[in-house]
Amino acid sequence: MKRITCLMLLAGWAIFALAQTAEVKSPDGRLAVNINLTGGKAAYQVSYDGKTVLDPSPLGFVANIGDFSTGLSLEGTETAFIDETYELNRAKVAKVHYVANELKVMLQNANKQHFSLVMRVSDNDIAFRYEVPRQGETGSIRVMEEKTGFDFPTATTTFLCPQSDAMIGWKRTKPSYEEDYKADAPMTARSHYGHGFTFPCLFHTPDAWVLVSETGVDSRYCGSRLSDMTGDGLYTIAYPMAEENNGNGTVEPAFGLPGATPWRTMTVGTTLKPIVETTAPYDNVRPRYETTHQYKFGRGTWSWIIWQDNSINYDDQVKYIQLAKSLGYQYVLIDNWWDTNIGIARMEELVKYAQSQGVDVFLWFSSSGYWNDIEQGPINKMDNPIERKQWMRWMQKLGVKGIKVDFFGGDKQETMRLYEAILSDADDCGLMVIFHGCTLPRGWERMYPNYVGSEAVLASENLVFSQGFCDAAPFNATLHPFIRNAVGCMEYGGCVLNRRLAKGNTRGTTRRTTDCFELATTILFQNPIQNFALTPENLNTPENGGAPESSVNFMKQVPTTWEETRFIDGYPGKFVVLARRHAGTWYIAGVNATGEPLSLKLDLTTFVKKGDAVELYSDNLQNQDPSYNARLVVKKPQSVMVTMAKAGGFVMITQ
């Protein structure tokens, strides 16, 4: 990383000292952050192209060792230029060039205790945190409250997901980031449960789009969220509720000194392009440990999502292993109850059978049991370090490639320690980790080499449980590329080709979306290991209830890792079109939630040129089946017409 630093002290910077203000701009000069110190309190203001994005918003925090939000005075500043290139192997982009200007504002409170505000600004992203040095003999700190706020202009609308009550829902497992979003809501709309909103949070000001989140959260802090709006447009950082984790663990995070809070991030743009393409979750975090293992990402089958609990038996898992083999998939995910329904001895036999078919295995575990009422086993294994290591060594010896750990209990620091402990121990045994019923990943794709995805969204399992969720699937799909999936891997478990969501494809809830919609979500939803909701019935002929041949063929070749992601068009809750590149090939996908057929004229000059041929999967407007054109010649790349059915979509693949 290239870093050029300039130190400015108050003694040599009298003008700054008198004004008590400072400014840091993006390298292109369009995004600006002004920091102001007035009456002993610090605030910051954000503008883009000279127009207000955030009104003056509070800074600082209150700790057990002192108040770092009032009685503040300025000691000096440092500026730096950051120029870094880094690589990712399981996110929306493979190579990142991060260029930003940094301003470090050094402050002290009324008791002469020191801390710094570090503000980094790239062309569309802001990241800031508090850094606290050792305070004399004091070597630790507990943060009681953050004053950090985000004060949006009047007439801003919101796209937010509420934080649920603690200890409610299935077996008292919430909160788990699985609530409904409201699109284009006024700021005056209160959260459904009265506990504010989970990250990430999307705002549409009169002049810009703003995505607010946080990154770099590990065992040394808690996960945070935004409060309900207070005053005129002000949201503040909120900590976990005391009731989370069945009351276990503290609400207030603590860390050793010197130390720092996580990075709070904002992505800003006049269009949604910077929101979809942001790398803010990864730019300022670093790997927490090195690995000696080579992890392979890819596609998997998963019986539970359609066939449910009764499918967790030896014979049905053999069928899903055979399905994975037929599709050319790398993995099969065996879900809850395998420890009792299949048993340890037969599981060893089943894993060996899968390996003989060229398929590797992921196994499900509950995260624990003492903070919820979960019965599905294995339980009480992952929270105990001794048992956890024993089970992981057993899986390593058997050749299991990964685990899915489910039903976490909240965002307290205690839970963040558990996430990190599971990841670290799993890496020792060469195991990849998927989290479900869990918190938002916060830069974890770069921080943990064996992390491969989190649910943290109202995901595909709800299709089986609720016809209303099937009806709402188009709306939800058009939100995630702009919000949840914009900041981290999303283990959604989607692409349903069954017409009816139950074993046999003749009963259960009814899918409302077209096949092309479902195929498009495999591109729109990004996760390095995709456990798709396909079933053995899908390989039958269409006359016998199977999926169309073109849909199955697409699912045999769709990738799960990407070199680049580009936003093309869309609006959250209405429609979305984006492109992802894999091995030099662009996959362009879109879905429609407008409630009626939608025709779009797309500028695809970035991806194709005149005379190029593409594969096109498009809606048959008469039914849910796809129309397939193996070689469509592009005549006008700057104005390519596509039409999507109601609850439909399309996929275009460059050749």
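In what order do the four strands of the open sheet with antiparallel pairing stand? In this predicted model, the order is E7-E6-E12-E20. Strand E7 (66-67) and strand E20 (254-256) are placed at the edges, and each has a single partner strand, so one side of each is left without a neighbour in the sheet. Strand E12 (residues 140-146) is joined to E20 in the antiparallel sense over three bridges, and within this pairing Ser140 has Gly256 of E20 as its bridge partner. Beyond E20, the loop between this strand and strand E21 (259-260) contains Pro258, and the peptide bond that joins Leu257 and Pro258 is cis, with omega at about 0°.

Confidence in the model can be described both for the chain and for one stretch of it. The protein chain has an average pLDDT of 96, and 97% of the residues score at least 70. Over residues 8-18, however, pLDDT stays under 50, and for this stretch the model has 15 contacts beyond four places in sequence. Where pLDDT is low, the predicted coordinates should not be read in detail.

A further open sheet is built from seven strands with parallel pairing, in the order E28-E27-E26-E25-E24-E23-E29. Its edge strands, each pairing on one side only, are strand E28 (451-454) and strand E29 (529-532). Neighbouring strands of this sheet are turned against each other by 25° on average, with direction ignored. Within the sheet, strand E24 (residues 331-334) and strand E25 (residues 360-366) are paired in the parallel sense over four bridges, and Ile334 has Leu363 in E25 as its bridge partner. Helix H5 packs on this sheet, where it touches strand E23 (298-302) and E24, and the direction of H5 makes about 155° with that of E24.

Helix H5 (residues 314-327) also packs with helix H7 (residues 344-356), at an angle of about 15° and with the axes 10 Å apart. Because angles under 35 degrees count as roughly parallel, H5 is roughly parallel to H7. The crossing of these two helices is right-handed. On the H5 side the contact involves Tyr314, Gln317, Val318, Ile321 and Gln322, which meet Arg346, Glu349, Leu350, Tyr353 and Ala354 in H7. The residues of this contact comprise six nonpolar, two polar and two charged.

Helix H7 is also in contact with helix H8 (residues 385-398), the axes of H7 and H8 coming within 10 Å and crossing at roughly 40°. In this contact Ile344, Met347, Glu348, Val351 and Gln355 of H7 are set against Trp391, Trp394 and Leu398 of H8. By residue class, the contact of H7 with H8 divides into six nonpolar, one polar and one charged.

Elsewhere in the chain, strand E4 (residues 41-48) and strand E5 (residues 51-58) run antiparallel and are joined by five bridges, with Tyr44 standing opposite Ser57 in E5. The hairpin formed by E4 and E5 has two residues between the strands, and Asp49 in this hairpin takes a positive phi near 55°. A positive phi, of about 65°, is also found at Lys112, although this residue is not a glycine; Lys112 lies in the loop between strand E9 (95-108) and strand E10 (114-121). Finally, the peptide bond from Lys174 to Pro175 is cis, with omega near 10°, and Pro175 is located in the loop between strand E14 (157-162) and strand E15 (182-186).

Notes: Residues numbered from 1 in each chain as written. Predicted model: local features only at pLDDT ≥ 70, side-chain atom pairs only at ≥ 80, totals over all residues. Heavy atoms only, no water. Axes fitted to C-alpha atoms, helices over the stretch in contact; angles between N-to-C directions. Parallel < 35°, antiparallel > 145°, perpendicular 65-115°, else oblique. Left-handed = near helix turned anticlockwise from the far one by under 90°. Contact = heavy atoms within 4.5 Å. Nonpolar A, V, L, I, M, F, W, Y, C, P; charged D, E, K, R; others polar. Pairing = 2+ DSSP bridges. pLDDT = per-residue confidence, 0-100.
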